Amino acid sequence: MARTPSNMLPLGTIAPDFTLVDAVTNNATSLDDIKGERGTVIMFICNHCPFVIHVNEEIVRIANDYRVQGFGFVAISSNDIENYPQDAPQFMWKTAQKNNYSFPYLYDETQEVAKAYDAACTPDFYLFDSELKLIYRGQLDDSRPGNGIPVNGRDLRQALDAVLRNATVSEVQKPSIGCNIKWKQQ
C-alpha cells in the first residue's frame, strides 16, 4: 500500500465550485446543492483503496450524525478509471449502496475538481464553514489499516463539534494518509 499524505490546502481557502455527476442518481450535483447551513464536508475517496475501505463505516456514521445538525456531505472519486476500472461510476454506485452512503458520491472524470482542491490521497477530508472557507483539512483520525488503533473519526469530529460550539477549529491538523489519487497520463 502506498502511503501518500494530504497536501494540506491553506486554511481560509474558499471551496472551489464544481458540478459533477452523482454515480448513484446520475444527476448533476453542484457544491451549492450539497452546501450545509453550518458547514460542508468534502471527501475524496475511491472504491478500491484499503485506507478508504478501513474508514467507510465511520464516514457514514459521521455523515449521519452531523447532517441532521446542518452539515452537508459529499464524496468525490477522481481516479483514472482507464487504469483503475474498479473505480468506475457503475462500481461507485455499488460501493455507495453496499456502504449505505447517505451523501452524494460524485465522479470527477476530468480530475479538475481534485486538482482545484489540491487533493492528493484517498481518503482526504475538507471541512468548510458556512461561508465555504476552509477550516479543517487532513485525517479522519489516527487509525490506519493494520495499526491497531480503532476508527473513531476523532479529528474530523472535533472540528465539526467546534463549529457546533461556535469555537475556533484548532489549526493543529494532521494530514490524511492513504493511496495516492490515480492521475491520468498527460
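Two residues are in contact here when they have heavy atoms within 4.5 Å of each other. What you have open is a predicted model, in which local features need pLDDT of at least 70 and side-chain atom pairs count only at pLDDT 80 or more, while totals for chains, interfaces and linings use all residues. Residues are numbered from 1 along each chain as its sequence is written, and side-chain values use heavy atoms, with hydrogens and water left out.

**First stop: Met43 and the cores**

Select Met43 and, setting aside residues up to four places away in sequence, look for what it touches: Ile59, Phe73, Val74, Ala75, Ile76, Phe103, Asp124 and Phe125. Met43 is among the residues with the most contacts inside the largest nonpolar core, together with Phe73, Phe103, Leu127, Leu156 and Leu160, and this core has 37 residues. A nonpolar core is a set of buried Ala, Val, Leu, Ile, Met, Phe, Trp, Tyr and Cys residues joined through side-chain atoms within 4.5 Å, where buried means under 20% relative accessible area, exposed over 50% and partly exposed in between, with a 1.4 Å probe and protein chains only. The largest share of this core, eight residues, comes from H2. A second, separate core of 20 residues includes Leu31, Ile42, Ile76 and Leu132.

**Second stop: helix H2**

Now select residues 50-67, which form helix H2; helices (H or I, at least four residues) and strands (E, at least two) are DSSP runs numbered from the N terminus. Its end C-alpha atoms are 25 Å apart, which agrees with the 26 Å that its 18 residues should span at 1.5 Å a residue, the expected span being 1.5 Å times one less than the number of residues. Colour the buried residues of H2, among them Phe51, Val55, Ile59, Ile62 and Tyr66, and you will find that what covers the buried residues includes strands S4 (39-44), S5 (71-77) and S8 (124-129) as well as helix H5 (154-164).

Next, show the open sheet whose seven strands have the order S3-S2-S6-S5-S4-S8-S9, with mixed pairing; two strands pair if DSSP finds at least two bridges between them. Its edge strands are S3 (28-30) and S9 (134-138), each of which pairs on one side only. H2 packs on this sheet, touching S4, S5 and S8, and its direction makes about 150 degrees with that of S5; axes are lines fitted to C-alpha atoms, for helices over the stretch in contact, and angles run from 0 to 180 degrees between N-to-C directions. H5 also packs on the sheet, touching S4, S5, S8 and S9, with its direction at about 5 degrees to that of S8.

Within strand S5, select Ser77, which counts as buried because its relative accessibility is 0%. Leaving aside neighbours within four places in sequence, Ser77 is in contact with residues including Ile45, Cys46, Asp87 and Tyr105. Then move to H5, which is largely enclosed by the rest of the structure, because eight of its 11 residues are buried. Just after H5, Asn166 takes a positive phi of about 60 degrees.

**Last stop: the sheet of three strands**

Finally, show the open sheet with the order S1-S10-S7 and antiparallel pairing. Two bridges join S1 to S10, and Thr4 stands opposite Gly178 in S10. H2 packs on this sheet as well, touching S7 and S10.
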